[in-house]
Amino acid sequence: VKFSFYHNPKYNISIKYPSSWKKISIENPLQVIGQEPKIEVETLFIILKKPPEAYSFAFPTTITISTYLMPESMNLEKLSSLANKIMLSSVPSYRQFNEEKSLINEREILKKEYAFNLNTPQGGKYLVYGKEANILIDKRVFSFGLLSDSYFYNKMLPYLNIMINSFKQIH
């Protein structure tokens with residue numbers, strides 16, 4: 001698999017991503033999540049990989065990179081808890097099944113895995129697995145999110161890990 005680099009001059013970051021995946025244009029990059037505290041999330045980059053034709057029934061895989069300022073009253077664990085509450089309020093089938101905190105390149109990182117059912121307007125149903133990694137740098141969170149059909153989830157994790165491990169701030 002070949003990789004390209006995504007560069008964001010506004011935040012001085014660089015990330016490797018699979019070249020063959022489709023880049024998705026972002027029409028509304030700013031969204032507000034939560035009420036108290038109010039968090040303005042900026043989506044920076046989205047890539048998509050459709051399943052092979054023989055598996056057209058499967059949910060496509062996406063990896064999203066976004067960023068936001070960490071509210072003063074929060075840390076990564078409190079932020080994760082808030083995100084879980086927001087997800088549960090809009091997706092009743094949401095279940096988190098793993099969370100781990102670690103350091104990568106002396107940066108605090110919190111990773112969590114979760115799953116939920118997604119119903120389509122055509123009456124179909126997907127079991128979607130997700131993994132999120134939040135990296136805290138100088139009060140700013142850079143979030144990497146993978147969503148994939150349960151069937152392809154373990155095959156897609158290495159791509160997310162390559163992207164996280166390639167994440168660099170350019171000075």
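This briefing describes the strand pairing, nonpolar cores, pocket and cavities of one structure. The structure is a predicted model. Its largest pocket has a volume of about 860 Å³, and a search of the whole structure finds two cavities of 30 Å³ or more. The largest nonpolar core has 28 residues, and a second, separate core has ten.

**Strand pairing**

- Strand β1 (residues 3-8) runs antiparallel to β2, and six bridges join the two. Within this pair, Ser4 stands opposite Tyr17 of β2.
- Four residues lie between the strands in the hairpin of β1 and β2, where Asn12 takes a positive phi near 55 degrees.
- β2 is also joined, by two bridges, to strand β11 (residues 168-169), again in the antiparallel sense. The bridge partner of Ile13 in β11 is Gln169.
- β2 is mostly covered, with five of its six residues buried.
- β8 and β9 form an antiparallel pair with twelve bridges. Ile109 stands opposite Ile135 in β9.
- The hairpin of β8 and β9 has five residues between the strands, and Gly123 in this hairpin takes a positive phi near 95 degrees.
- β9 in turn runs antiparallel to β10, with ten bridges between them. Here Tyr129 stands opposite Ser148 in β10.
- Two residues separate the strands in the hairpin of β9 and β10, where Asp138 has a positive phi near 45 degrees.

**Nonpolar cores**

- In soluble globular proteins, nonpolar side chains tend to be buried together.
- In the largest nonpolar core, the residues with the most contacts inside the core are Ile13, Ile15, Phe45, Ile63, Phe144, Met163 and Phe167.
- At least two residues of this core come from each of β2 (13-18), β5, β6, β9, β10 and α2 (153-166). The greatest contribution, seven residues, is made by α2.
- Leaving out residues up to four places away in sequence, Phe144 touches Ile15, Thr64, Ile65, Lys131, Glu132, Ala133, Ile135, Leu160, Met163, Ile164 and Phe167.
- The second, separate core of ten residues includes Ile39, Tyr68, Leu76 and Leu110.

- Leu110 is located in strand β8.
- Leu110 counts as buried because its relative accessibility is 3%, and the cut-off for buried is under 20%.
- Apart from its neighbours within four places in sequence, Leu110 is in contact with Leu76, Glu77, Ser80, Glu99, Glu100, Lys101, Glu132, Ala133 and Asn134.
- Leu110 and Asn75 are 35 residues apart in sequence, and their C-alpha atoms are 10 Å apart in space.

**The largest pocket**

- The lining of the largest pocket consists of 32 residues, and those nearest its centre are Ile33, Val41, Ser66, Met87 and Glu132.
- The elements that each supply at least two lining residues are β4 (30-33), β5 (39-49), β6 (61-69), α1 (76-90), β8 (107-119), β9 (125-137) and β10 (140-149).
- α1 provides the largest share of this lining, with eight residues.
- The lining of the largest pocket divides by class into 18 nonpolar, twelve polar and two charged residues.

- The largest cavity has a volume of about 60 Å³. Its lining is made up of Ile104, Asn105, Arg107, Ile135, Ile164, Asn165 and Phe167.
- By class, four of the residues lining the largest cavity are nonpolar, two are polar and one is charged.
- The second largest cavity holds about 30 Å³ of space. Asn98, Glu99, Glu100, Lys111, Lys112, Glu113 and Lys131 form its lining.
- β7 (95-104) and β8 each supply at least two residues of the lining of the second largest cavity.
- The lining of the second largest cavity has six charged residues, one polar residue and no nonpolar residues.

Key
Residues are numbered from 1 along each chain as its sequence is written. This is a predicted model: local features need pLDDT of at least 70, side-chain atom pairs count only at pLDDT 80 or more; totals for chains, interfaces and linings use all residues. Side-chain values use heavy atoms; hydrogens and water are left out. On a 1 Å grid over the protein atoms alone, a cavity is a set of points where a 1.4 Å probe fits but cannot get out, and a pocket is an open set with protein on both sides within 12 Å along at least five of seven lines; lining residues have an atom within 4 Å of a point. Grid points are joined across faces, edges and corners, and a volume is the space filled by probe spheres set on the points. Ala, Val, Leu, Ile, Met, Phe, Trp, Tyr, Cys and Pro count as nonpolar, Asp, Glu, Lys and Arg as charged, and the others, Gly among them, as polar. Buried means under 20% relative accessible area, exposed over 50%, partly exposed in between (1.4 Å probe, protein chains only). Contact means heavy atoms within 4.5 Å. A nonpolar core is a set of buried Ala, Val, Leu, Ile, Met, Phe, Trp, Tyr and Cys residues joined through side-chain atoms within 4.5 Å. Two strands pair if DSSP finds at least two bridges between them.
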